[in-house]
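Please examine the sequence and the structure shown below. The explanation that accompanies them is meant to be read with both in view.

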Amino acid sequence: MAIVEVRNLYKSFTRGTESIDVLMDLSLDVEQGEFVALMGPSGSGKTTLLNLIAGLDNPTRGTIMVGDMEISSLSESELAHWRTRNVGFVFQFYNLLPVLTAYENVELPLLLLPLTREQRRHQVENALGLVGLTERMGHRPGQLSGGQCQRVGIARAIVTDPTIIVADEPTGALDAKSADDALNLLELLRSELKKTIIMVTHDPHAAGRAQRIVHLEKGRLVGADALTTAY
Amino acid sequence: MPPGFDPTLNPAGLSPDFSLLELGLYAGMGLFVVLLLLTLLALATLPIFFLALFILDFVLRGFQVSPDPVGKYAKLAGLVFRSLRRNLLRTALTYVALFVLTGMLTLIYSVVSFLGKLTSEKQAQQMVIVTEKFAIPSMMPPGYASQVKAVIRDKLPKEYQPADIDKNFMTWSFVGGSLSLEKRTQENSLFLFALDPDAVLNGMMSEQGLSPDDLGEADWNELVRVINIVKEDKRNIIVGEDRLQIMGKRVGDEMTLYGLNYPDITFECKIVGAFPAGSRLGTGAAMRYDYLQAKLDEYRALKGKEHPTTTRCLNLIWVRLPDKESYERLAAIINDPATFSSPAVKMETFSAAIGSFLEAYKDIFWGMKYIIMPAIMVIMCLVIGITITIGVRERWTEMAVMKVLGFQPWQVMGMIVSEAVLIGVFGGMLSTWSVYFLPMAINSALKAAKVKFSFFDSFACPPEIIIYGPALGILVGLVGAALPSWNARKVKVSDVFSQVA
Ligand SMILES: Nc1ncnc2c1ncn2[C@@H]1O[C@H](COP(=O)(O)OP(=O)(O)OP(=O)(O)O)[C@@H](O)[C@H]1O
Ligand SMILES: [Mg+2]
């Protein structure tokens, strides 16, 4: 059963008077425990699609099911609530809060959930242990390397045990070695923890680590993965 | 006239003869000095501000390990403190600006409410002063005392009269004397007010500080004791402690004073008590009016003719009237040349003098209250608003990230508002508190050091500013943060990332 079901998705932005159609009649399934790479030229709508699946924005038309939740019609505040439990985000530039330590950065989303302090500590330590940064949990982002920051970012993405993990060019700002570490981690999340991962990338090498590559061009899926509207 | 206390002046010591230019000049200079002092004070309290933030943060950390939901919210609140600490210079500058502006506001508020109280006191009891109309110094026949009393009793309608005219009435005669006729010096001369000792006990001089409230119970009881001794013997006098020091005399000493403005009269005096040092009468002295009368009688008996000053020995008359209305009615009668003609007299009230002084500058006070004060508040909001706006701009992505992680818009908004309110409340609180308590502290330090300098006595900020200051800080924080926090609330997470990525 697909954990992400995108059906006949349209997204257009209005800039001034003209409207730009970014995604057009797009349908996509992602299976539970699947690691999908999303590729395509710049401006093809990869980030837009990822944002919609992750509940950061509402589509113009079409439906998005994640788990058993139809998220395309949720309000901003409902989406925020939903994201905390269901989506883990990994960003290109890590986006850690510079004033917080690694531990506190990872703990941040947990503060929004009804957990006890012990439960939080347990989950944060697990997540940091998984990315191999237990030793560094008292450090601030400024005291960590880019690769380490991205690992903290990954720990933050998994700490709430979300339904899906989305990553927008997670290796885009990393050197080859750190990028490899991050990709190893994502693979590990899939193989060991059976996480569902959707990753946008320009890097064919990174995409090669995924189980499936989806190509996006001018707002439509191309190639074998394109689903027919009759699906 | 001795320095320090002049019974012909109104108690505020305000002279109504200021020119507008002078006032403007003083105001300008005063403003500069006030700004400078406030800035220094702000810088001096900066460590307290940061210490307070540190302590609050520390306490919060304590709560962070306590069970949820307290621990959780303490963690979120901790974010606010970290944001403030992030750019220390900006936080400090904002604090200083708010401190100075609140300080200005406090001072203006204090002046306005002080003056407002003065004018409204016009409605309450009126101390009025009767003097000779066309001559300075005022010298009236002694019979004027009973005549003024008679006018009050007979011509003023009952409802406008004081309950007991004798207890609301006093006369002043000025007597200068010297220890030596040949050589008059500062050290051997004494200036005395000849009064009825009961006038002080009747509270006629409470506005001059001779009251249980102003003196404190112990000093007041001492004064009552001394006055009762004065009542025992005509020759007993009370001399201010400062004056005693200058003269090298002490309580218990007897002395012969040769009259200066009463030539050929000698007064045999015994010092039976002292007015407290540093008080308004610290350099003055008081004797019994009936002793002066007795001496004038003695002169007549001895020389077979009146002393030349006998018919002009009454310098001032004070009357305490129930309200402004009675003052106005009585003034109309007394100021009428038909009532008193040789010499003519005039009757004024202390607060009427202040009132007419204030009347002249009504527009300035109106402007202070309704233009300058609101303007300062607006500037305060702008200062906070700008600081917070810059902070929000800097952290635009961070706030988007928090929203991505699931923080609700109001939570992000709340964080920003809290930052503004924190700076506001400390700026407002430390500013009003220093403006309120610092003069008090200086004053008591001066008192402890026995320095006779009572400038700070005369002007005190109203105590409500202790609350108003922090409250204003909160308000200004809320208003100032309104726009930037609203913007932060509206951060569209998807926009931020499609731009960044
Ligand atoms: N908030 C927005 N307002 C207007 N236009 C937008 C907005 N977000 C994206 N777009 C437009 O949508 C199109 C797709 O953008 P998107 O960010 O999804 O591309 P992308 O595939 O992620 O590109 P890249 O590889 O460069 O990150 C672009 O033309 C972009 O200008
Ligand atoms: Mg993109």
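The model is predicted.

Chain A contains seven helices and ten strands. Of its 231 residues, 57% are buried. Among the contacts in chain A with a separation of 6 or more, 71% are between residues 24 or more positions apart.

One element of chain A is an open sheet of four strands, paired antiparallel in the order 2-1-4-5. Strand 2 (18-31) and strand 5 (69-70) of chain A each have a single partner strand and therefore stand at the edges, with one side of each left without a neighbour in the sheet. Strand 1 (residues 2-15) of chain A runs antiparallel to strand 2 of chain A, and ten bridges join the two. Within this pairing, Ser12(A) lies opposite Asp21(A), a residue of strand 2 of chain A.

The next topic is the interface. Chain A contributes 33 residues to the contact and chain B contributes 29 residues. Between them the two chains bury about 2800 Å², and 60% of this area is on carbon and sulfur atoms. Eight residue pairs are in polar contact across the interface of chain B and chain A, counting pairs with both residues at pLDDT 80 or more. On the side of chain B that touches chain A, at least two residues each come from helix 2 (70-86), helix 13 (396-404), helix 14 (409-448) and helix 17 (493-500) of chain B. The residues on that side of chain B comprise 13 nonpolar, eight polar and eight charged.

Side chains of opposite charge can pair when their charged atoms come close. Four salt bridges are counted between chain B and chain A. One salt bridge joins the side chains of Asp57(A) and Lys492(B), at 3.5 Å from N to O. Asp57(A) and Lys492(B) also belong, with Lys11(A), to a network of salt bridges.

Over all chains, the count reaches 30 salt bridges. Lys177(A) is exposed because its relative accessibility is 57%, whereas Asp181(A), at 25% relative accessibility, is partly exposed.

Glu298(B) and Lys295(B) are three residues apart in helix 9 (residues 289-303) of chain B, about one turn of the helix. Their salt bridge has its closest N and O atoms 3.5 Å apart. Is Lys295(B) buried or exposed? Lys295(B) has a relative accessible area of 9% and therefore counts as buried, while Glu298(B), with 43%, is partly exposed.

The last pair is that of Lys231(B) and Asp198(B), whose side chains meet in a salt bridge of 2.8 Å from N to O.

Conventions: Residues numbered from 1 in each chain as written. Chains lettered and ligands numbered in written order. Predicted model: local features only at pLDDT ≥ 70, side-chain atom pairs only at ≥ 80, totals over all residues. Heavy atoms only, no water. Contact = heavy atoms within 4.5 Å. Buried area = accessible area lost by both parts, 1.4 Å probe. Polar contact = N/O pair within 3.5 Å; in protein donor to acceptor, adjacent residues only side chain to side chain. Nonpolar A, V, L, I, M, F, W, Y, C, P; charged D, E, K, R; others polar. Pairing = 2+ DSSP bridges. Buried < 20%, exposed > 50% of the residue type's maximum accessible area, 1.4 Å probe, protein only.
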